[in-house]
Every structure is written in structure tokens, then in C-alpha cells.
Amino acid sequence: MALLPIVLVPDPVLRHVAKPVETITPELRQLMDDMLETMYDAPGVGLAANQIGRLERVIVLDCADKQDGEEPQPYQMVNPEITWKSEQTSKYSEGCLSIPEGTGDVQRPTAVRVRYLDREGQSHELEADGLLATCLQHEIDHLNGVLFTDHLSKLKRDMVLKKAKKVARERQSQS
Ligand code: K1U
Ligand code: ZN
């Protein structure tokens, strides 16, 4: 297992559209294990392949509330697709591991259904609400080159990105 460096704004890979996976290889399974380890270490509740500089349609998530005593609930999803969105929407204060120290309220469908392949290539459909639904939409946005800041007003977006780019530059000059 390995920790992977997380790409920060304004890296152009965050704006690329990831390509569907055609074959699930042992190398791809290792990548998904490394992505989960990297996500837990960050710490975060989700991670998309673009965020570690890869352009395969792969995401990992675990939105279990550990502070509330919930067991870990890791997901590794290949080629995830939203097949249904609720009409009802909810607002959630989102963060992003690629946008350091930035948060913003994003309005999204409250519940979604997502079809995906697991690490063995088996197809599943998951219906989610709450944080898991928000996180699924945030991660699938990443695969399409979309950041949560794209859902904010221009004023708020510019503020969040200006600060994040400053933090990213500071982190790079320290490494
Ligand atoms: O994709 C990412 O950048 C990960 C991101 C996912 C996300 C968070 C909140 C709403 C939607 C999507 C994060 O995990 S940011 C960190 C975070 O939210 C968190 C960190 C530690 C404990 C709990 C949450
Ligand atoms: Zn993100």
C-alpha cells in the first residue's frame, strides 16, 4: 500500500474529463487500495482519480461517522454513473482535498442512485442520501473536471480559489 500525492488547484488535471475503465486489472485494484489509504490519511471522505493525477473513472469513498461509532464503510467504484437524482435538494458545506482550506455551501439533489462496477467487475446500483449522496456527486463531478467551487457564486468562488492557490503555493515551497 502507498500514500499518493494529492494534486492541488490550479493543476490542469483537475479540469480533465476522466476516461471509462475498459478492463479492471490488478494494477487498477492496487490503485484503488492506495486511493483509499490516501483518503483515510488526508483525512477525507472521498477521493477521485483526477486528484492523484490519473484519468481513469474511479472513485473511493467512506462516509461512515466514526465519531458516532459507525463501522468503516469503504466503497471503491469503477465507471460510476448517476442514474437518478431526487427533485428535492439540500445544502451542504463542502470541502475538497484539492482546494486546501476552502469550504462553501453547495445545493445538490438530496438523494441519488449510482450504478458502478466493484473491484471484481460486478455491477451494482446504490441509492444514497445525506453525506454519501453529496460525496458521490462531488466525486463524480471530479471525474468530469468539475470542482465544488463551480457551484458557488463568482464572488465566493474567487475568494475560495484565491486562498487555496496561496496555500498550495506555500505548501509547494515548503516541500
Ligand atoms: O473529493 C474530495 O476532495 C474529498 C472531500 C469530499 C467531500 C467532502 C464534503 C462534502 C462533499 C465531498 C473531502 O473529504 S474534504 C474533507 C472532509 O470533508 C472530511 C474530513 C475529515 C472528516 C470528515 C470530513
Ligand atoms: Zn474534491
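**Backbone geometry: positive phi angles and cis peptide bonds**

In the predicted model, Glu-101 is placed in the loop between β4 (89-95) and β5 (103-109). The backbone of Glu-101 adopts a positive phi of about 65°, although the residue is not a glycine. With a relative accessible area of 55%, Glu-101 is exposed, because the threshold for this class is a value over 50%.

A positive phi is also found at Asn-79, where the angle is near 50°, again in a residue other than glycine. Asn-79 belongs to strand β3, which comprises residues 75-85. The relative accessibility of Asn-79 is 18%; Asn-79 therefore counts as buried, since that class covers values under 20%.

Peptide bonds in the cis form were examined next. One such bond joins Val-9 and Pro-10, with omega at about 5°. Pro-10 is located in the segment that precedes α1, the helix spanning residues 26-41. A cis peptide bond is likewise present between Ala-42 and Pro-43, and omega for this bond is about -5°. Pro-43 is situated in the loop that connects α1 to β1, the strand formed by residues 46-48.

Note on methods. Residues numbered from 1 in each chain as written. Chains lettered and ligands numbered in written order. Predicted model: local features only at pLDDT ≥ 70, side-chain atom pairs only at ≥ 80, totals over all residues. Heavy atoms only, no water. Helix = DSSP H or I, 4+ residues; strand = E, 2+ residues; numbered from the N terminus. Buried < 20%, exposed > 50% of the residue type's maximum accessible area, 1.4 Å probe, protein only.
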